[in-house]
Structure formats: C-alpha cells, structure tokens
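I will write down what I look up, entry by entry.

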Amino acid sequence: MRSWSYLIQVRAYSDDGRVEEESALYVVSLPPDPEFLKNVELECYATSYLPFQTVLKVAHAYAIGTDAKIEDLERYSLMGYREDMDLYIFKEGVGFKEGLIRVFSLILDLLKARGTYKFIEPVVDVGTPPSELMLECLELSSA
C-alpha cells in the first residue's frame with residue numbers, strides 16, 4: 001500500500017470578528033499498482049506527484065491525524081486508534097470523498113465545541129484537494 005496525506009484546514013469567522021483555524025491530517029491509501037504512475041506526464045515526478053483525478057478514482061480513506069481525542073468513532077466511520085502511528089483508522093471501504101466529508105465533520109465538531117461562527121471556509125493551498133471538491137465536502141459535512 002502507498003499512502004498520500006493532505007492537511008485539511010478550515011478558517012472560521014465569528015460574529016465578534018475572531019478568526020480561528022482548525023485542521024486535521026487526512027491520510028489516504030493507494031493501490032500499489034505501478035500502472036497508476038503512468039498517468040504522470042513527466043516520469044521524474046511519478047514518485048512525488050500523482051494527478052488528483054487518479055487519486056479521486058483509486059484512493060480510499062485510511063486515517064485521520066488530530067490532537068483531539070475522538071470519542072464517537074462511528075460518527076466519523078472510524079474503527080479505532082493506532083497508538084503506534086498516532087492516527088485514527090477508518091473502517092474498510094470508505095472512499096476518498098466520504099473520508100474527506102468525515103474529516104470536515106470532525107473539524108466542524110471541534111469548532112462548534114468552542115463557539116458559533118457566521119462563516120466557515122476551507123483553506124485551499126498547494127497540495128490540498130481541488131477547491132470545488134473541498135467546498136462540496138464541507139457543505140455535505142455540515143448538512
């Protein structure tokens with residue numbers, strides 16, 4: 001198994017002007033099939049870059065990394081915590097998009113525990129999933 005990780009982060013704006021950020025590490029697993037690397041136009045990047053459309057098609061949610069203690073594992077489709085890796089492991093069969101929705105749900109729950117916010121947006125940076133997918137999953141996680 002190969003893995004790929006994303007820092008998923010949101011920025012939350014409160015009524016009184018406070019801005020807070022919350023994040024979690026999202027680790028996905030990729031099949032060890034070298035055929036997927038052939039989709040990379042420049043072969044020299046194949047070990048450090050994989051086109052996102054390929055990731056979206058073949059990746060599965062593997063784990064969430066957070067400093068928070070997650071009590072309700074079922075809510076986030078998690079099967080348990082691996083102390084040796086300091087990660088919460090997803091149940092088998094959770095796809096990439098569903099896992100991203102669960103990560104956003106966790107982040108939103110952590111923010112809600114600290115107060116209410118008038119606006120929450122994903123932080124899009126180099127190496128994050130595309131902004132359209134981030135917005136879609138953030139919306140689905142708050143539904």
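**Strands and sheet**

I began with strands β2 (residues 19-30) and β3 (residues 60-65), which run antiparallel and are joined by 5 bridges. In this pair, S29 stands opposite H60 in β3. I count two strands as paired if DSSP finds at least two bridges between them. Helices (H or I, at least four residues) and strands (E, at least two) are DSSP runs, numbered from the N terminus.

I noted the ground rules next. This is a predicted model, in which local features need pLDDT of at least 70 and side-chain atom pairs count only at pLDDT 80 or more, while totals for chains, interfaces and linings use all residues. Residues are numbered from 1 along each chain as its sequence is written, and side-chain values use heavy atoms, with hydrogens and water left out.

I then looked up the strand order. The open sheet has 6 strands, in the order β4-β5-β3-β2-β1-β6, with antiparallel pairing. β4 (78-82) and β6 (119-122) are at the edges with a single partner strand each, so one side of each has no neighbour in the sheet. On average, neighbouring strands are turned by 25° against each other, direction ignored.

I followed β1 through its two pairings. β1 pairs with β2 over 12 bridges, in the antiparallel sense. Here V10 stands opposite E22 in β2. The hairpin of β1 and β2 has 5 residues between the strands, and G17 takes a positive phi near 95° there. β1 also runs antiparallel to β6, with 4 bridges joining them. Y13 stands opposite F119 in β6.

**Helices on the sheet**

Which strands does helix α2 lie across? I found that helix α2 (residues 96-112) lies across β1 (2-13), β2, β3, β5 (87-90) and β6, at about 155° to β2. Helix α3 (residues 131-141) packs on the sheet too, touching β1 and β6, and its direction makes about 140° with that of β6. Axes are lines fitted to C-alpha atoms, for helices over the stretch in contact, and angles run from 0 to 180 degrees between N-to-C directions.

I picked out I107, which lies in helix α2. Is I107 buried or exposed? I107 counts as buried, at 0% relative accessibility. Buried means under 20% relative accessible area, exposed over 50%, partly exposed in between (1.4 Å probe, protein chains only). Beyond its neighbours within four places in sequence, I107 is in contact (heavy atoms within 4.5 Å) with I8, V10, E22, S23 and A24. I107 and I8 are 99 residues apart along the chain, with their C-alpha atoms separated by 8.7 Å.

**Salt bridges**

How many salt bridges does a search of the whole structure find? The search finds 11. A salt bridge is a side-chain nitrogen of Lys or Arg within 4 Å of a carboxyl oxygen of Asp or Glu.

I looked at E136 and K97, whose side chains meet in a salt bridge (2.3 Å, N to O). This pair links distant parts of the chain, with E136 in helix α3 and K97 in helix α2, 39 residues apart. R82 and D84 form a salt bridge as well, at 2.6 Å, N to O. R82 counts as partly exposed at 34% relative accessibility, whereas D84 counts as exposed at 59%.

**Confidence**

I checked pLDDT last; it is the predictor's confidence in each residue, from 0 to 100. The chain has a mean of 87, and 85% of its residues reach 70 or more. Confidence is lowest in helix α1 (residues 52-58), at a mean of 78, and highest in β5, at 98.
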